[in-house]
Amino acid sequence: LTRFIRGLLMHAPDLLLRPLTRVLLHQSPGGAVWRYVEGLLARFAAAEPGAPPVEELAKLAGLTPRSLRRTCHRARTPNPERLTEWLTFVYVLECARWEGITVAGAAKRAGLNERYMPQLRANLVPDFPGLRRPLIPHAVTHAIIRLAEECGLPRSQAIDTVRRVVGEAHADW
């Protein structure tokens, strides 16, 4: 039972990222960006060390880095590097939220250097305060809204996206 629960908790961030990418990347031709995201999730599950390299993930999706860039452009998503940063940020925050651990601990479990997350926060959501445990649910919500806006959604649709993906209970900002 313990092993089952641990396995379920380990996949909880996937349960957020998969619907999120389905909503935000619905314009991805042939599911190429979704295959890219699946490769990213597999990398996190394996806790491979270091920031996920776009070239490696593109290859796993059956794409060249150039074709992935074109696919992201057609799907109206950020470029692959930026998309990887966003999804990494949301994944680690959601992992920390689900498991009740620090962001640094969640980053370490995903194979990332604990200093990487403050860099991502400063780069992606500079107006959000530090990533302390009580603020993590709000950080997840804020990050998803910002990602949705980068995907071209107006703020009202970005907020609706959060409500659909995260749920009404966690959609307070």
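Because the model is predicted, local features are reported only at pLDDT of at least 70 and side-chain atom pairs only at pLDDT 80 or more, whereas totals for chains, interfaces and linings use all residues. Residues are numbered from 1 along each chain as its sequence is written, and side-chain values rest on heavy atoms, with hydrogens and water left out.

The secondary structure comprises 9 helices and 0 strands, where helices (H or I, at least four residues) and strands (E, at least two) are DSSP runs numbered from the N terminus. Along the sequence, the pattern accordingly reads α-α-α-α-α-α-α-α-α. Of the 173 residues of the protein, 46% count as buried; here buried denotes a relative accessible area under 20%, exposed one over 50%, and partly exposed a value in between, computed with a 1.4 Å probe and protein chains only. Among contacts (heavy atoms within 4.5 Å) between residues at least 6 apart in sequence, 60% join residues at least 24 apart.

Helix α5, residues 80–99, has 20 residues and reaches 28 Å from its first C-alpha to its last, close to the 28 Å expected at 1.5 Å a residue; the expected span is defined as 1.5 Å times one less than the number of residues. The helix is mostly covered, with 14 of its 20 residues buried. At the start of α5, a side-chain oxygen of Asn79 lies within 3.1 Å of the backbone nitrogen of Glu81, while Gly100, just after the helix, takes a positive phi of about 70 degrees.

The structure holds 8 salt bridges, each being a side-chain nitrogen of Lys or Arg within 4 Å of a carboxyl oxygen of Asp or Glu. Two of the pairs involve residues of α5. The side chains of Glu81 and Arg69 meet in a salt bridge at 2.6 Å, N to O, and this pair links distant parts of the chain, with Glu81 in helix α5 and Arg69 in helix α4 (residues 65–74), 12 residues apart. Glu81 is partly exposed, with a relative accessible area of 30%, and Arg69 is likewise partly exposed, at 38%. In the other pair, Arg109 forms a salt bridge with Glu99, the closest N and O atoms being 1.8 Å apart; Arg109 belongs to helix α6 (residues 103–109) and Glu99 to helix α5, 10 residues apart, so that this pair too links distant parts of the chain. The relative accessible area of Arg109 is 48%, which makes the residue partly exposed, and Glu99 is also partly exposed, at 22%.

Arg43 and Glu48 meet through their side chains in a salt bridge of 2.9 Å, N to O, and Arg43, Glu48 and Glu56 are linked in a network of salt bridges. A polar contact of 3.2 Å also joins the side chains of Arg43 and Glu56; such a contact is a pair of N or O atoms within 3.5 Å in which, within protein, one must be able to donate a hydrogen and the other to accept it, residues adjacent in sequence counting only if both atoms are side-chain atoms. Arg43 counts as buried at 6% relative accessibility, whereas Glu48 is partly exposed, with a relative accessible area of 32%. When residues up to four places away in sequence are not counted, Arg43 touches Glu48, Pro49, Gly50, Ala51, Pro52, Pro53, Glu56 and Leu57.

With a disulfide defined as a pair of cysteine sulfur atoms within 2.5 Å, the count comes to 0 disulfides. Cys72 is in no disulfide, the nearest cysteine sulfur, that of Cys151, being 9.1 Å away. Cys72 counts as buried at 1% relative accessibility, and Cys95 counts as buried at 6%.

Thr141 is found in helix α8 (residues 136–150) and is buried, with a relative accessible area of 0%. Thr141 and Val162 are 21 residues apart in sequence, yet their C-alpha atoms are 6.5 Å apart in space.
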